[in-house]
Amino acid sequence: MSSQLDSLRQFTTVVADTGDFESMREHRPTDATTNPSLILKAIQKEQYRPLLLETIHENPQANTAQTLDHLLIKFGLRILDIVPGRVSTEVDARLSFDTAATVERARQLIQLYQAEDIERERVLIKIASTWEGIEAAKILEAEGIKCNMTLLFSMPQAIACAQAKVQLISPFVGRIYDWYKKAAGASWDEAANSGVNDPGVQSVSRIFHYYKKHGIKTEIMGASFRNVGQIIALAGCDLLTISPELLQNLSDTAGPLQQSLNASESQGLDIPAQSVNEAQFRFELNEDAMGSEKLAEGIRAFVADAKKLDAIIEQAKQAA
């Protein structure tokens, strides 16, 4: 009997949410995504330390920021040797509110990939879904640089990304779940808020049906899962990016999955088209306590890990 992971592949493109190459080889995802936290976690493992030392040796004149970009590319190249599809490489989260700097950094990342003979179609540039980040993605998409909009928690973010015609969005399931669970405190009922009733699942489902109802081409990739039930409830989403632990869980469990999300069902739903300008985006996101808090928290966390990566790079350069 096939596994749940094999069954999921019938409805959804499976993406590995990790910087661990061995996990990718084992679970055979189509694409892979990384972020500063995942790279930090990987680079602290002994088997990945040589990648950092190689990066420093190959780019002796590079400053810390440039070395970090070269390190991200080195991870990306190894990932692309394993997966048949695309890798997502993230722009420094410290640029999340600077459109021009985000555009410039994204162009540099693409140039580094192209210098290694990687076609830009195999790379997604990850950018935080701030207004400035979405504006940067709009510019980059017009140049043929495909973007993956991360840290997405709300409908105004999803609508703005659709207007910008970005390639892909990554709505975060688990972090939405975390917020509502924390807000509920002792009154939280896990059983009543699981599966299709999970607030993170419901958020992604709303975006999915809105996009499919209105023929929006932007791909939807559910991300940040806390349990297998969330993944099963979103079977049928365009893509799902899944941690090694949950990939293993799905692989170890036999039995078929049912398709939970179906684009054909979206057409029968009454979902009016919406649009947002900058003022509306900022106001509506501000009105969404969960969305605004998790976006800010996510950027802070990525920035903190980027600073830790900087420190590791600087320490390694001094020792080299």
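How many residues does helix 15 have, and how far does helix 15 reach from its first C-alpha to its last? Helix 15 has 31 residues and spans 45 Å between those two atoms, close to the 45 Å expected at 1.5 Å a residue. Please keep in mind that this is a predicted model.

**Helix 15 and its cap**

- The N-terminal end of helix 15 is capped by Asp288.
- In this cap, a side-chain oxygen of Asp288 sits 3.2 Å from the backbone nitrogen of Met290.

**The largest cavity**

- Two cavities of 30 Å³ or more are found in the structure, and the largest of them holds about 110 Å³ of space.
- Its lining is made up of 15 residues, and those nearest the centre of the largest cavity are Pro36, Leu68, Leu72, Glu90 and Asp92.
- Two or more lining residues come from each of helix 3 (36-43), helix 5 (64-82), strand 3 (87-90) and helix 15 (289-319).
- Helix 5 provides the largest share of this lining, with three residues.
- By residue class, the lining of the largest cavity has eight nonpolar, three polar and four charged members.

**The second largest cavity**

- The second largest cavity has about 50 Å³ of space.
- Among the residues that line the second largest cavity are Glu90, Asp92, Thr102 and Lys126.
- Strand 4 (residues 123-128) gives the most to this lining, namely three residues.
- Here the lining residues split into five nonpolar, two polar and three charged.

**The largest pocket**

- The largest pocket has a volume of about 480 Å³.
- It is lined by 30 residues, with Asp17, Thr18, Asn35, Leu38 and Ser243 the closest to the centre of the pocket.
- The elements giving two or more residues to the pocket lining are helix 3, strand 5 (147-152), strand 8 (239-242) and helix 12 (244-252).
- Helix 3 gives the most to the lining of the largest pocket, with four residues.
- The pocket lining comprises 11 nonpolar, 11 polar and eight charged residues.

**Salt bridges**

- The structure holds 24 salt bridges.
- One of them joins Arg28 and Asp6, whose closest N and O atoms are 4.0 Å apart. This pair links distant parts of the chain, with Arg28 in the loop between helix 2 (21-27) and strand 2 (31-33) and Asp6 in helix 1 (residues 4-8), 22 residues apart.
- Arg28 is exposed, at 52% relative accessible area, while Asp6 counts as partly exposed, at 33%.
- Another salt bridge pairs Arg105 with Asp92, the closest N and O atoms being 3.9 Å apart. Arg105 belongs to helix 6 (residues 99-115) and Asp92 to the loop between strand 3 and helix 6, so the pair links parts of the chain that are distant, 13 residues apart.
- Are Arg105 and Asp92 buried or exposed? Arg105 counts as buried because its relative accessibility is 12%, under the 20% cut-off, and Asp92 counts as buried at 11%.
- Arg105 and Asp92 also take part in a network of salt bridges together with Asp69, Arg94 and Asp310.
- Glu141 pairs with Lys146, with 3.8 Å between the closest N and O atoms. Of these two, Glu141 is buried at 11% relative accessible area, whereas Lys146 is partly exposed at 29%.

Terms used: Residues are numbered from 1 along each chain as its sequence is written. This is a predicted model: local features need pLDDT of at least 70, side-chain atom pairs count only at pLDDT 80 or more; totals for chains, interfaces and linings use all residues. Side-chain values use heavy atoms; hydrogens and water are left out. On a 1 Å grid over the protein atoms alone, a cavity is a set of points where a 1.4 Å probe fits but cannot get out, and a pocket is an open set with protein on both sides within 12 Å along at least five of seven lines; lining residues have an atom within 4 Å of a point. Grid points are joined across faces, edges and corners, and a volume is the space filled by probe spheres set on the points. Ala, Val, Leu, Ile, Met, Phe, Trp, Tyr, Cys and Pro count as nonpolar, Asp, Glu, Lys and Arg as charged, and the others, Gly among them, as polar. The expected span of a helix is 1.5 Å times one less than its number of residues. A polar contact is a pair of N or O atoms within 3.5 Å; within protein, one must be able to donate a hydrogen and the other to accept it, and residues adjacent in sequence count only if both atoms are side-chain atoms. A salt bridge is a side-chain nitrogen of Lys or Arg within 4 Å of a carboxyl oxygen of Asp or Glu. Buried means under 20% relative accessible area, exposed over 50%, partly exposed in between (1.4 Å probe, protein chains only).
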